Amino acid sequence: MECTKKGASGNKIIKVKVCPAVSAAGAAMAKAGVFSTEQLLPRRNRSLDLTGVAAQLKGKTVLVTGAAGSIGSEICRQVLSLGCDRLLALDIHENGLFYLEQDLKRRGFPQNYVLCAGSVQDKGRVAAIMEHYRPSIIYHAAAYKHVPMMEHNPGEAIKNNFLGTLYTAQAAKAQGAECFILISTDKAVNPANIMGATKRMCELAVKALNGGKGTCFAAVRFGNVLGSAGSVVPVFQEQIKAGGPVTITHKDMRRYFMTIPEAVSLVLDAGRLAQGGEVFMLDMGQPVKIYDLACRMIRLRGLEPGRDIPIVFTGPRPGEKLYEEMTTADEVTERTENNQIYVNRSPGAELAQVLAAAAYFEQGVDVLAPREMLRHVRALVPTYNPTID
């Protein structure tokens, strides 16, 4: 459960409460199919003082890309609650923006936000938004994230993730934005799939663009968030509600998990800490077995796994790994002043190399041979080893 309150000093503190124990009331709600994602994360409560973030956002125009998504919409809510002057919410998903607006109205936020329909792949649209509104801080959450789907649509992952990130970052730099924060993923580490590989390309792009006295570029890398659209939690909920079976790819598959409010609070604080060129890494605790997560969800409904709800193992899907990593072999991990945020330092790519890759893909990935396309991805991300027929 997330709550915001003022301490004795007046500081704004966002507490993310994660309670492994289930109260009697919570158990009753869970049995009815209603329970909080926090009940699924078996670790201690965390709280974060966001006073510094509030000071950073004061009087600023903030742009959030992918604003209708799970992470993007929570960034919108938190930056508004922390007092940004104006919010620009950019997303290609028209209905998603509509529901985001309804949510912001319901929560009573002043209407100091602008809904911007458009795609980060549209270089002209992104540049026009930047030029008109001149945002100071950009949180870039727009991305395709579904691993198996992108394995079948590699060109779309390249266009949306890599080129979309590059266009947005270049526009931010051209307009003299103060800070650009890329939302990255643990799947960018030694990627086994095109989604992860393109997110690693994004990390390299923002690192390459950083430098000089202009925009501060950084990335924040973390794992899965509980309850996001398309994640295992809502899928399992529907399967349990239907009486099963619950489908899991492998009994030993495990992932790092955080709640959405917790992840976003740490992203915002990482943005405050950014000096330029960092790849931040969030402390996500120990990885959780997907099987254990499914069993917990079944038991929260008052049922028994295997007896009341069957569990079926379907085998890993294309591009899936049994476990994810948070650092590459050439990265040196350092602490920050926030003990829940680390920074990974490693050599990056030359800007010329990033721009050359972009120029190649801009020829039109729809007409490029998949083999050549993936080879060019691997040229920028050597740890990516796709199966090339």
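Let's start at Glu 331: leaving aside its neighbours within four places in sequence, this residue is in contact with Arg 200, Arg 221, Met 326, Asn 344, Arg 345 and Ser 346, where contact means heavy atoms within 4.5 Å. Glu 331 sits in the loop between strand 16 (311-313) and strand 17 (332-335); helices (H or I, at least four residues) and strands (E, at least two) are DSSP runs, numbered from the N terminus. With a relative accessible area of 9%, Glu 331 is buried. Here buried means under 20% relative accessible area, exposed over 50%, and partly exposed in between, using a 1.4 Å probe and protein chains only. Glu 331 and Arg 345 are 14 residues apart along the chain, and their C-alpha atoms are separated by 5.2 Å.

A word on what you are looking at. This is a predicted model, in which local features need pLDDT of at least 70 and side-chain atom pairs count only at pLDDT 80 or more, while totals for chains, interfaces and linings use all residues. Residues are numbered from 1 along each chain as its sequence is written, and side-chain values use heavy atoms, with hydrogens and water left out.

Now step back to the whole protein. Its secondary structure comes to 13 helices and 18 strands, and buried residues make up 52% of its 389 residues. Among contacts between residues at least 6 apart in sequence, 77% join residues at least 24 apart.

In soluble globular proteins, nonpolar side chains tend to be buried together. A nonpolar core, as used here, is a set of buried Ala, Val, Leu, Ile, Met, Phe, Trp, Tyr and Cys residues joined through side-chain atoms within 4.5 Å. The largest such core has 52 residues, and Tyr 139 and Phe 222 touch the most other members. Helix 10 (residues 260-273) supplies the largest share of this core, eight residues. A second, separate core of 51 residues includes Tyr 167, Ala 205, Val 206 and Val 365.

Next, the helix packing. Two packed helices are described by the angle between their axes and the distance between the axes. The axes are lines fitted to C-alpha atoms, for helices over the stretch in contact, and angles run from 0 to 180 degrees between N-to-C directions. Angles under 35 degrees count as roughly parallel, over 145 as roughly antiparallel, 65 to 115 as roughly perpendicular and the rest as oblique.

Helix 7 brings Ile 158, Phe 162, Leu 163, Leu 166 and Gln 170 to the contact, and helix 12 brings Val 354, Leu 355, Ala 357, Ala 358 and Phe 361. By class, these residues are nine nonpolar, one polar and no charged, with Ala, Val, Leu, Ile, Met, Phe, Trp, Tyr, Cys and Pro counted as nonpolar, Asp, Glu, Lys and Arg as charged, and the others, Gly among them, as polar.

Helix 7 also packs with helix 5, at an angle of about 30 degrees and with the axes 9 Å apart, so helix 5 is roughly parallel to helix 7. This crossing is right-handed. Lys 123, Val 126, Ala 127 and Met 130 of helix 5 meet Tyr 167, Thr 168, Gln 170, Ala 171 and Ala 172 of helix 7.

Helix 12 has a further partner in helix 13 (residues 370-380): their axes come within 10 Å and cross at roughly 170 degrees, so helix 12 is roughly antiparallel to helix 13.

Finally, look at some backbone details in the loops. A cis peptide bond joins Gly 244 and Pro 245, with omega about 0 degrees. Asn 190, in the loop between strand 8 (179-185) and helix 8 (194-209), has a positive phi of about 45 degrees although it is not a glycine.

Key
A crossing is left-handed if the near helix is turned anticlockwise from the far one by less than a right angle, and right-handed if clockwise.
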